[in-house]
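Me: I have a structure to look at and would like to go through it step by step. Could we begin with its surface?

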Amino acid sequence: MPELPEVEAVRRHLVAAVEGRRIESVRVLRADYIRYTAFPLAELSGCELRTINRHGKRLFWPFVPQGCMVSHLGMSGRVTLRSSGDPSLAHTHLIIAIAGGIYLHFSDPRRFGGVWLYESEVDAAAAHVYRKMGVDALSLREEDLTVWSRKATSLKAELLSQKTVAGLGNIYVDEALWMARLHPMQKVRRITRESRGRLVACIGQVLRASLRHGGTTFRDYRDAKANRGGFGQRLAVYGKAGHPCQRCGAVLQSLVIAQRSTVICPKCQLRRNHGRNAN
Ligand SMILES: [Zn+2]
């Protein structure tokens, strides 16, 4: 599944190519890929794409004078830049033609992703961000996690839920917890301020390192130029169960937490849920 760095890499490629350009036409090839429309998508013709923003794993496409589209890549979605003669990828559900001979192809074989269209950015944020998603993981600060002192969820479940931090999935949660030396089963309310600060720093470090390398390559992910990400070989724990920990040499273990496979170092990530001085 594309995670925050992959979505951000796609966003940057798209912004460089299409920001400020006029929409020429919109062609829907599969109606159920369009999850919601406040007005017909065809009415975007003639509108200008002001920019593309991101919150968590969703992209927000505000248009002038009207409309804001939201897109989510789901498990296997891609947005690719094509020119007029280029063939479509299999499972292309939406094509947006943009001035300058650019075509945006939205493809998604498994169709867990989709597109929504609202009257305004405020409506789009109300439907997708407020009450649903926390702070975007790339702008996370330690203060944003003070709400954790009242929560009984485990670290792994909380980080995957998107409720206080938006944009993290299985790969980067495992990587950040290993880097911060925190056990994924630890209850968030037991985590000290110091550990929260360390975790925030590690989340930023892992995401920025992945972004520098164009994300992680796995299954169907490609960025908007169809390049594979290069972060995969730099992962410390994800997919590395049975390998030695880079930090201490202990054998990495695989667990199932919050219904997700999880890899930890049993030596570096001790579970400290008991007592006031818990980690
Ligand atoms: Zn270790």
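This is a predicted model: local features need pLDDT of at least 70, side-chain atom pairs count only at pLDDT 80 or more; totals for chains, interfaces and linings use all residues.

Reply: The protein chain exposes about 12700 Å², an area from the Shrake-Rupley method with a 1.4 Å probe, in which, for residues, only the protein chains shown count as cover. Residues are numbered from 1 along each chain as its sequence is written, and side-chain values use heavy atoms, with hydrogens and water left out.

Me: What percentage of the residues count as buried?
Reply: Of the 279 residues, 53% count as buried, meaning under 20% relative accessible area; exposed is over 50%, and partly exposed lies in between (1.4 Å probe, protein chains only).

Me: How many helices and strands are there?
Reply: The protein chain has five helices and 14 strands. Helices (H or I, at least four residues) and strands (E, at least two) are DSSP runs, numbered from the N terminus.

Me: Which residues have the most contacts inside the largest nonpolar core?
Reply: They are Leu44, Trp61, Met69, Leu94, Ile96 and Phe106, in a core of 30 residues. A nonpolar core is a set of buried Ala, Val, Leu, Ile, Met, Phe, Trp, Tyr and Cys residues joined through side-chain atoms within 4.5 Å.

Me: Which element gives the largest share of this core?
Reply: Helix α1 does, with six residues. Elements supplying at least two residues each include β5 (58-64) and β8 (92-98). A second, separate core has 26 residues, among them Leu145 and Val188.

Me: New topic: where is Thr153?
Reply: Thr153 is in the loop between β11 (135-136) and α3 (155-161). Thr153 is partly exposed, with a relative accessible area of 33%.

Me: And what is Thr153 in contact with?
Reply: Leaving aside neighbours within four places in sequence, Thr153 is in contact with Glu158, Gln186, Lys187 and Val188, where contact means heavy atoms within 4.5 Å. The side chains of Thr153 and Glu158 are joined by a polar contact of 2.9 Å. Such a contact is a pair of N or O atoms within 3.5 Å; within protein, one must be able to donate a hydrogen and the other to accept it, and residues adjacent in sequence count only if both atoms are side-chain atoms.

Me: How many Å separate the C-alpha atoms of Thr153 and Tyr103?
Reply: They are separated by 44 Å, and the two residues are 50 apart along the chain.
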